Amino acid sequence: MSEAAELQALLDSQPKLDCTALPPFSVEEADFDVGRVVLRFAPQPAFKNYYGNVQGGFAVALVDVLISIAAYAKTRAWLPTVEIKSTFVAPLMLGESRGEASVIKAGKQLVFLEAKLWGADGKLAVHATATASVPRGDS
């Protein structure tokens with residue numbers, strides 16, 4: 001079984017929260033050692049803004065999915081995101097989009113990540129860096 005298929009099976013076995021149903025996706029690539037994932041997001045017409053593109057807040061939500069799953073791939077734990085810095089380099093065109101995220105560094109308290117999201121037109125639309133917190137055992 002490929003790491004992408006293994007990760008998809010792990011995610012499919014998790015309890016489903018209402019918010020996880022909003023951006024349906026499939027795992028295209030995964031590397032557990034590095035903490036790298038490539039996801040393909042289904043078209044989301046409900047995310048459309050007045051300009052006909054994906055509204056920025058929804059784009060950041062897709063980025064949060066990317067970084068959360070990259071961190072999960074590396075640590076096998078769901079880590080809370082404590083910070084995301086997103087740069088919109090182009091409009092995120094409606095339709096199927098593709099995202100990539102990877103762990104830059106995983107420490108004992110923090111995990112640093114990077115993500116990129118391409119729109120249906122194949123253009124890079126969002127570049128982001130993020131930080132996730134590793135919960136302490138005594139909490």
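Helix α2 has a set of buried residues: A59, L62, V63, V65, L66, I67, S68, I69, A70, A71, Y72 and A73. Here buried means under 20% relative accessible area, exposed means over 50%, and partly exposed lies in between (1.4 Å probe, protein chains only). Helices (H or I, at least four residues) and strands (E, at least two) are DSSP runs, numbered from the N terminus.

Please keep in mind that this is a predicted model, in which local features need pLDDT of at least 70 and side-chain atom pairs count only at pLDDT 80 or more, while totals for chains, interfaces and linings use all residues. Residues are numbered from 1 along each chain as its sequence is written, and side-chain values use heavy atoms, with hydrogens and water left out.

**Along helix α2**

How far apart are the end C-alpha atoms of helix α2? They are 28 Å apart, which agrees with the 28 Å that the 20 residues of the helix (residues 56-75) should span at 1.5 Å a residue. That expected span is 1.5 Å times one less than the number of residues. At the start of α2, a side-chain oxygen of Q55 comes to within 2.7 Å of the backbone nitrogen of G57. A polar contact is a pair of N or O atoms within 3.5 Å; within protein, one must be able to donate a hydrogen and the other to accept it, and residues adjacent in sequence count only if both atoms are side-chain atoms.

The loop between α2 and β3 (81-88) contains R76. Although R76 is not a glycine, its phi is positive, at about 60°. Most residues other than glycine have a negative phi. R76 is partly exposed, with a relative accessible area of 39%.

W78 is found in the loop between α2 and β3 too, and is partly exposed at 42% relative accessible area. The structure holds three aromatic pairs. In one of them, the rings of Y72 and W78 have centres 4.3 Å apart and planes at 20°, so the pair is stacked. Rings of Phe, Tyr and Trp (its six-membered ring) pair if their centres lie within 6.5 Å; planes under 30 degrees apart count as stacked, over 60 as edge-to-face and the rest as tilted. Y72 is buried, with a relative accessible area of 5%.

**A cavity inside**

Rolling a probe the size of a water molecule over the atoms shows where empty space is left. On a 1 Å grid over the protein atoms alone, a cavity is a set of points where a 1.4 Å probe fits but cannot get out, and lining residues have an atom within 4 Å of a point. Grid points are joined across faces, edges and corners, and a volume is the space filled by probe spheres set on the points. The structure holds one cavity of 30 Å³ or more, and the largest cavity has a volume of about 60 Å³. Among the residues lining the largest cavity are F41, F47, L62, M93 and S97. By class, this lining has nine nonpolar, three polar and no charged residues. Ala, Val, Leu, Ile, Met, Phe, Trp, Tyr, Cys and Pro count as nonpolar, Asp, Glu, Lys and Arg as charged, and the others, Gly among them, as polar.

**Pairs along the chain**

T87 lies in strand β3 and is partly exposed at 29% relative accessibility. V126, in strand β6 (residues 124-133), is buried at 1%. E3 lies in helix α1 (residues 3-12) and is partly exposed at 31%. The table sets out C-alpha separations for some residue pairs.

| Pair | Apart along the chain | C-alpha separation |
|---|---|---|
| T87 and A128 | 41 residues | 6.1 Å |
| V126 and A115 | 11 residues | 8.0 Å |
| E3 and L94 | 91 residues | 29 Å |
| W78 and A46 | 32 residues | 27 Å |

Key: 1 Å grid on protein atoms, 1.4 Å probe; cavity = no way out; pocket = protein on both sides within 12 Å on 5 of 7 lines; lining within 4 Å.
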